[in-house]
Amino acid sequence: MKWLLSIFDSENSGASGGIVLSLPPIASNDPILSWVWSYIASIQMGQLSDRIEAANELASLARDNDRNKKIIVEEGGVPPLLKLLKETASSEAQIAASTALHNIANDQERVSIIVSELGVPIIVNVLSDSSMKVQIQVARLVARMAEHDPVAQDDFARENVIRPLVTLLSFETFVEDPRTNSGKPSIHSIVQINKEMEKNSLLGSKNYRPYMYSESSSSRSGQNRKDRENEKPEVKIKLKIACAEALWMLARGSVSNSRKITETKGLLCLAKLVEKEQGELQFNCLMTIMEITTAAESNADLRRAAFKTNSPAAKAVVDQLLRLIKDLDSPTLQIPAIKSIGSLARTFPARETRVLGPLVAQISHRNQEVATEAAIALQKFSSPENFLCMEHSKAIIEFNGVPPLMRLLRGNDRMQLHGLVLLCYLALHAGNSEALEQARVLTALEGADRTVVAQHPELKELVSKAMYHLNLYHSGVHPQRQSYVP
């Protein structure tokens with residue numbers, strides 16, 4: 001009791017306040033516990049400077065190890081941190097609180113506690129109406145929570161966090177490109193983005209709140225926008241990086257969130273940033289695109305809505321993906337770009353062969369992962385599940401895809417597996433091609449039937465079908481090989 005009273009004894013602590021660090025008897029064997037209690041008490045009851053210092057100390061403790069994180073949560077540290085984040089007008093206090101929460105939130109159980117304490121609406125409100133430096137840390141918090149907890153991922157979307165994230169990401173993105181008739185996005189695109197986001201929020205959510213860029217914004221929001229425009233370029237970049245990461249984590253594995261990003265015209269913004277930026281911002285935007293295309297692959301409605309052939313945003317995305325695949329020699333960027341094109345395989349018409357050439361070229365890439373991902377992407381074009389599999393298979397052969405594919409069969413197990421599947425698809429859908437005969441594909445499949453199929457018995461029927469088709473067209477080569485009869 002004496003220790004508890006000392007925490008609140010403002011007379012003995014002096015007029016300037018200060019955090020009281022002392023060891024209660026119950027915590028004699030664990031000093032961390034007493035520190036956590038003292039910091040939490042200071043956040044709840046102390047002066048503003050003490051609250052900021054205590055939040056920073058909790059952030060430091062949480063950064064050290066998971067045990068400290070667990071103690072902070074178990075001893076009730078989350079509610080006062082959320083209160084500090086919500087109620088204060090001090091940017092320093094908001095940054096301290098959001099940093100502490102970010103350091104705590106690397107585990108689903110701890111994130112779920114933040115959610116259960118109604119942290120999501122508080123976080124979204126702060127993101128929508130605070131200074132840029134605060135928004136950086138809050139956006140990182142959104143990304144961290146969405147990464148570790150699917151419930152938080154859904155709750156953030158219900159609170160309309162995607163709209164302010166896209167708006168912050170698009171800030172000043174289109175200013176440098178004033179062209180309007182060249183097929184490129186213009187300065188007016190940003191206006192359209194905001195209009196679309198506001199429209200979709202009004203129609204799609206009961207929790208709509210005007211954002212800082214609308215005419216109904218508060219004077220504080222107007223000041224924040226003025227401060228934003230005068231902020232240092234490196235701060236603006238940090239905010240965009242954090243927002244792009246948050247969108248990436250919100251889109252990951254979520255069709256509904258991916259749809260919401262496309263409905264806010266976020267695709268156009270992401271494509272533009274992939275085009276003009278480098279480093280972490282470019283990578284985060286590319287990974288967001290990869291997650292959206294992955295969702296579109298599994299959902300026909302999203303695929304038709306967001307990646308229509310005549311959609312400017314979809315065209316901008318595809319153009320940038322192809323540029324990364326063709327012009328760069330960076331597996332870190334090429335692999336997600338290749339995966340994205342593969343996910344969109346069913347959106348391309350037969351005449352859209354420009355996407356196949358760059359993929360075929362990557363089968364010869366010296367990086368095994370790039371080569372393998374190119375083969376996997378091409379499988380999605382030539383698979384029987386693709387309505388245009390015959391046309392795409394012929395195009396792959398016309399781009400001279402068979403020789404490098406044969407070399408893939410001499411690679412590691414993963415390369416052999418996906419190279420074999422693609423070869424089988426080409427044999428099934430373009431079996432009469434002379435390129436397949438000249439490359440002795442039938443012989444290669446016979447060899448694979450004895451080796452690769454032994455490791456992957458699920459491929460036995462596919463390989464048998466492919467050999468049967470090749471025998472039909474090239475019976476003079478191996479007339480005795482008729483092992484499969486459909």
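Which residues touch the most other members of the largest nonpolar core? In this predicted model, the core comprises 151 residues, and Met145, Phe156 and Ile341 are those that touch the most other members. Helix H15, spanning residues 233-251, supplies the largest share of this core, with 12 residues. For Met145, the contacts beyond four places in sequence are with Ala105, Val111, Ile114, Val115, Val120, Ile123, Ala152 and Phe156.

Met145 also takes part in the packing of two helices, being one of the H10 residues in the contact with H9. Helix H9 (residues 119-128) and helix H10 (residues 132-148) pack at an angle of about 145°, their axes lying 9 Å apart, and the crossing of H9 and H10 is left-handed. On the H9 side the contact is made by Val120, Ile123, Val126, Leu127 and Ser128, and on the H10 side by Val134, Gln135, Val138, Ala139, Leu141, Val142 and Met145. The residues of this contact divide into 10 nonpolar and two polar, with no charged residue.

Two aromatic pairs are found in a search of the whole structure. Trp248 and Phe283 form an edge-to-face pair, with 5.7 Å from centre to centre and 85° between the planes; Trp248 belongs to helix H15 and Phe283 to helix H18 (residues 279-298), 35 residues apart. Trp248 is buried, with a relative accessible area of 14%, whereas Phe283, at 24%, is partly exposed. Phe348 and Phe381 form a stacked pair, at 5.9 Å centre to centre and 15° between the planes. Because Phe348 lies in the loop between helix H21 and helix H22 and Phe381 in helix H23, this pair ties together parts 33 residues apart in sequence. Phe348 is buried, with a relative accessible area of 6%, and Phe381 is likewise buried, at 0%.

Terms used. Residues numbered from 1 in each chain as written. Predicted model: local features only at pLDDT ≥ 70, side-chain atom pairs only at ≥ 80, totals over all residues. Heavy atoms only, no water. Axes fitted to C-alpha atoms, helices over the stretch in contact; angles between N-to-C directions. Helix = DSSP H or I, 4+ residues; strand = E, 2+ residues; numbered from the N terminus. Left-handed = near helix turned anticlockwise from the far one by under 90°. Contact = heavy atoms within 4.5 Å. Nonpolar A, V, L, I, M, F, W, Y, C, P; charged D, E, K, R; others polar. Core = buried A, V, L, I, M, F, W, Y, C linked by side-chain atoms within 4.5 Å. Buried < 20%, exposed > 50% of the residue type's maximum accessible area, 1.4 Å probe, protein only. Phe/Tyr/Trp six-rings, centres within 6.5 Å; stacked < 30°, edge-to-face > 60°.
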